[in-house]
Amino acid sequence: MFSKTLKTTLAASLVATSMSSPVFADNLGAAIVGGIIGGALVNEAAKSKKRTYSGTSSVTRQQNRETQAALNYFAFPAGTPDGVMGSRSRAAVSQYQVFMGYPATGRLSQYERDFLVSSHHRAQLGGPQVIKAMQGPQGIRGLLITWRDEAQGTRTAGYSSGYGGVPIEVSQAIDEIASSTEPSAEQLMQRSGFMQLADLNNDGKNDYILDTSVSGSSFWCGASHCTVMVFASAPQGYRRIDFQARGVTPASFTCQLTNCSLNENAPTQAAAPAPTPAPAPQPSAPTTVMTSGQAPAGQSGGLGGIQPFNMAGNEPQQASLASHCSKVSLLTNSNGGFMTVSSMTDPDLALSEQFCLTRTYAISTGESLVAKVQGASQAQIDAQCDAFGPALQPYVDSLGAKDAAAVRSDVQKFVLNSNMSMEQLGGTAKICLYSGYRRDNLDVALGAALLMVAVGQTPYAELVGHHLSQGFGAPQSAAQAAAWYDMAIQALQSGAEPAFAPGQPERVEMIKAASDALNGTSMPKPSPAAALPSFVIK
């Protein structure tokens with residue numbers, strides 16, 4: 001809850017400073033159309049004041065809200081995430097326990113809760129595995145079984161089928177390609193030329209060709225060739241053979257059982273055209289065959305030999321944070337979990353993990369608030385949040401040029417000149433964090449994060465630090481990010497309530513260590529205990 005005197009305090013702290021601010025501040029109430037979001041949340045907050053939570057700490061309530069949000073996500077209805085584990089929440093816990101094969105006590109053990117909440121966070125990062133689960137017979141709940149069995153080192157029935165009846169070997173390859181491309185797995189499958197079917201080895205079964213040249217990803221393509229995956233059928237399944245080529249057709253390959261080769265003199269056709277017409281391809285030399293990992297002549301191997309497509313007429317697009325977080329999730333899973341101070345080997349990846357975690361928390365918090373907004377559709381809420389773009393853009397643009405304290409001071413002046421209450425501004429900012437991250441609108445999300453810091457919710461400065469550290473929506477600068485991280489850390493160390501992952505206090509130390517490492521400052525190592533002299537007495 002925001003302090004009633006916070007606006008007065010802000011005013012007093014800025015008496016000695018200039019009160020000039022962008023003209024956007026005078027019209028914030030008009031930009032946030034009618035104040036629907038803020039007004040609804042203030043009314044809800046007034047109702048909430050009547051509730052009492054005797055004997056329950058704020059940390060416990062936050063943990064309970066996380067549990068309730070996770071239960072609701074996996075279709076175990078726990079009601080509004082209010083932090084009180086009443087009869088409805090206990091019934092949802094029992095349903096979850098029965099589904100997972102645990103004793104139905106209605107009360108979660110620490111392991112059961114940790115698995116539920118971490119699965120919720122993991123699912124919100126998205127990715128091909130989540131898409132496939134939603135298409136399965138158990139829906140989103142199927143992820144719980146899949147991830148439980150993954151942790152136990154077993155394979156589940158969820159692995160026996162792929163997208164739309166595609167063999168699992170092919171489906172997993174589609175997931176692999178989608179993990180490093182902007183299009184999702186489903187979108188790739190709908191692209192002309194991406195997947196071709198033919199009986200290449202004449203055994204009466206379909207074989208599959210996946211051509212990554214139509215994915216638009218530089219990860220799979222060099223300057224002149226892209227990875228082409230051929231799946232030849234066999235009684236025990238499908239064998240994958242990778243080639244480096246471009247413009248292939250089934251006639252380009254000869255297969256004997258599961259041994260396939262590329263016909264060097266076979267006719268080729270141009271790759272699927274980009275949305276903008278490109279010049280007609282010039283005649284080229286016959287397609288060459290290279291094994292996986294081999295670079296074309298004149299190029300260096302590995303990623304150094306990969307060149308991005310240059311599609312005529314396409315302007316550079318803003319980096320997708322949602323796509324970035326999907327890739328980070330895959331790396332985190334393959335590494336066995338989130339990095340800690342003791343296990344940190346890549347500070348940049350460690351901060352990416354925490355960025356995506358805070359993004360998940362912001363989305364979850366916003367979802368619960370949106371459910372309380374009466375009289376506004378999701379489209380109306382998104383339209384109101386889009387007003388944050390022009391209103392707060394001057395402050396977002398100044399992040400790369402001004403220090404953290406100056407930017408916060410500027411946004412505080414903006415707050416003082418607005419015609420909305422602190423509760424309205426704070427509630428609206430939380431919802432617009434959700435709206436911005438959900439739609440990958442980073443101007444909205446970053447503006448909302450700055451507004452949260454300005455109204456006194458200083459732990460949200462961590463989000464601004466992440467945007468600067470990773471270069472999403474702001475110029476990438478580890479030095480500028482460090483000041484925002486320090487602002488959030490100092491607030492937490494002074495007793496502020498955590499905005500993200502309240503049950504993981506070690507995050508503060510990890511973020512500080514990773515930020516210091518990116519700025520060339522090593523974490524101090526504990527001094528070894530002084531060795532005592534050893535004397536041999538005869």
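## A buried isoleucine and the packing of helices

Ile177 lies in helix H9, which covers residues 168-178, in what is a predicted model. Ile177 is buried, its relative accessible area being 0%. Leaving aside residues up to four places away in sequence, Ile177 touches Leu188, Phe194, Leu210, Thr212, Ser215, Trp220 and Met229. Ser217 stands 40 residues away from Ile177 along the chain, and the C-alpha atoms of these two residues are separated by 8.9 Å.

The setting for these details is a chain with 20 helices and six strands, in which buried residues make up 46% of the 538 residues. Among the contacts in the chain with a separation of 6 or more, 62% are between residues 24 or more positions apart.

Two packed helices are described by the angle between their axes and the distance between the axes. The table gives both values for two pairs.

| Helix pair | Angle between axes | Distance between axes |
|---|---|---|
| H16 (residues 422-438) and H17 (residues 442-454) | roughly 155° | within 8 Å |
| H15 (residues 404-416) and H19 (residues 478-493) | about 70° | 9 Å |

How do H16 and H17 run, and which residues do they bring together? Because angles over 145 degrees count as roughly antiparallel, H16 and H17 are roughly antiparallel to each other, and H16 passes H17 in a left-handed crossing. From H16, Leu425, Gly426, Ala429, Lys430, Cys432, Leu433, Gly436 and Tyr437 meet Val444, Ala445, Ala448, Ala449, Leu451 and Met452 of H17. By class, this contact of H16 with H17 has eleven nonpolar, two polar and one charged residues.

For H15 and H19, the axes cross at about 70°, and as angles of 65 to 115 degrees count as roughly perpendicular, these two helices are roughly perpendicular to each other. Ala404, Ala405, Val407 and Arg408 in H15 meet Ala483, Trp484 and Met487 in H19. The residues of this contact of H15 with H19 divide into six nonpolar, no polar and one charged.

Methods: Residues are numbered from 1 along each chain as its sequence is written. This is a predicted model: local features need pLDDT of at least 70, side-chain atom pairs count only at pLDDT 80 or more; totals for chains, interfaces and linings use all residues. Side-chain values use heavy atoms; hydrogens and water are left out. Axes are lines fitted to C-alpha atoms, for helices over the stretch in contact, and angles run from 0 to 180 degrees between N-to-C directions. Helices (H or I, at least four residues) and strands (E, at least two) are DSSP runs, numbered from the N terminus. Angles under 35 degrees count as roughly parallel, over 145 as roughly antiparallel, 65 to 115 as roughly perpendicular and the rest as oblique. A crossing is left-handed if the near helix is turned anticlockwise from the far one by less than a right angle, and right-handed if clockwise. Contact means heavy atoms within 4.5 Å. Ala, Val, Leu, Ile, Met, Phe, Trp, Tyr, Cys and Pro count as nonpolar, Asp, Glu, Lys and Arg as charged, and the others, Gly among them, as polar. Buried means under 20% relative accessible area, exposed over 50%, partly exposed in between (1.4 Å probe, protein chains only).
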